[in-house]
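Q: I have a structure to go through with you. Could we take it step by step?

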Amino acid sequence: MSEHPTTAPQERRRATDAEARALASTLRIRILRVCLGAARTNQEIAAALGRNPATTLHHVRRLVDTGFLEPQPPRRGTRGSREKPYLATGKSWRLDTPGRDRVMIEAFLEEVALVPPDEVVMARLGLRLTPEQKLELERRMIALLEEYSALDAPPDAGEAWSAFFAVHPDPNRP
């Protein structure tokens with residue numbers, strides 16, 4: 001789940017093999033974030049991620065082929081060149097992808113490393129929950145994230161924020 005939806009809530013579905021492979025890359029997860037809410041050209045994506053444009057283009061094409069990015073109408077660049085911007089579709093938010101958790105954590109760690117520590121707000125809590133309580137916590141947290149993602153203010157109306165939520169067994173407490 002790397003993007004937020006921009007339409008009414010839908011049921012999640014299991015990702016196809018091609019979709020799962022497309023999301024099995026921290027760079028692709030970060031490309032989706034860069035293209036969330038505003039179309040970006042490959043050059044802009046590469047600059048935002050500090051990567052070579054040839055490298056990002058390979059990943060952009062994979063995301064387009066699997067429906068995670070959508071090409072937008074071409075536009076003229078600063079020097080009159082033809083540029084093709086891409087926009088995240090929000091599709092990844094509605095998929096269950098086996099093994100995505102490690103990739104999501106790695107993408108989160110890469111992104112949070114770029115933010116000054118005093119601008120990161122975190123909370124950590126140890127809980128003891130029954131299986132039913134754990135499922136209810138997950139359901140309510142996802143519902144809360146979906147509620148806020150539906151607000152989706154225009155790019156010029158608010159600051160861009162990222163949320164990361166995880167529930168995991170506590171390896172420190174038997």
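Q: Is Met141 buried, exposed or partly exposed?
A: Met141 counts as partly exposed, at 24% relative accessibility. Buried means under 20% relative accessible area, exposed means over 50%, and partly exposed lies in between, with a 1.4 Å probe and protein chains only.

Q: What kind of model is this?
A: This is a predicted model, in which local features need pLDDT of at least 70 and side-chain atom pairs count only at pLDDT 80 or more, while totals for chains, interfaces and linings use all residues. Residues are numbered from 1 along each chain as its sequence is written, and side-chain values use heavy atoms, with hydrogens and water left out.

Q: Where is Met141 found?
A: Met141 is found in helix α6. The C-alpha atoms of Met141 and Ala166 are 9.7 Å apart in space, and the two residues are 25 apart in sequence.

Q: How many helices and strands does the protein chain have?
A: The protein chain has six helices and seven strands. These are DSSP runs numbered from the N terminus: helices are H or I with at least four residues, and strands are E with at least two. Along the sequence the pattern is β-α-α-β-α-α-β-β-β-β-β-α-α.

Q: What share of the residues is buried?
A: Buried residues make up 28% of the 174 residues in the protein chain.

Q: What share of the contacts joins residues at least 24 apart?
A: Among contacts between residues at least 6 apart in sequence, 69% join residues at least 24 apart. Contact means heavy atoms within 4.5 Å.

Q: Changing topic: how many aromatic pairs does a search of the whole structure find?
A: The search finds one aromatic pair. The rings of Phe108 and Phe164 have their centres 4.3 Å apart and their planes at 20°, so the pair is stacked. Rings of Phe, Tyr and Trp (its six-membered ring) pair if their centres lie within 6.5 Å; planes under 30 degrees apart count as stacked, over 60 as edge-to-face and the rest as tilted.

Q: Which parts of the chain does the pair link?
A: The pair links distant parts of the chain, 56 residues apart: Phe108 is in helix α5 (residues 100-112), and Phe164 is in the segment after α6 (131-151).

Q: Next, Arg40. Where does Arg40 lie, and which residues does Arg40 touch?
A: Arg40 lies in strand β2 (residues 40-41). Not counting residues up to four places away in sequence, Arg40 touches Val34, Cys35, Ile45, Lys84, Pro85 and Tyr86. Arg40 and Tyr86 are 46 residues apart in sequence, yet 5.3 Å apart in space, C-alpha to C-alpha.

Q: What about Glu83: which strand, and which residues does Glu83 touch?
A: Glu83 lies in strand β5. Beyond four places in sequence, Glu83 touches Thr41, Pro74, Arg75, Arg76 and Gly77. Glu83 is partly exposed at 24% relative accessibility.
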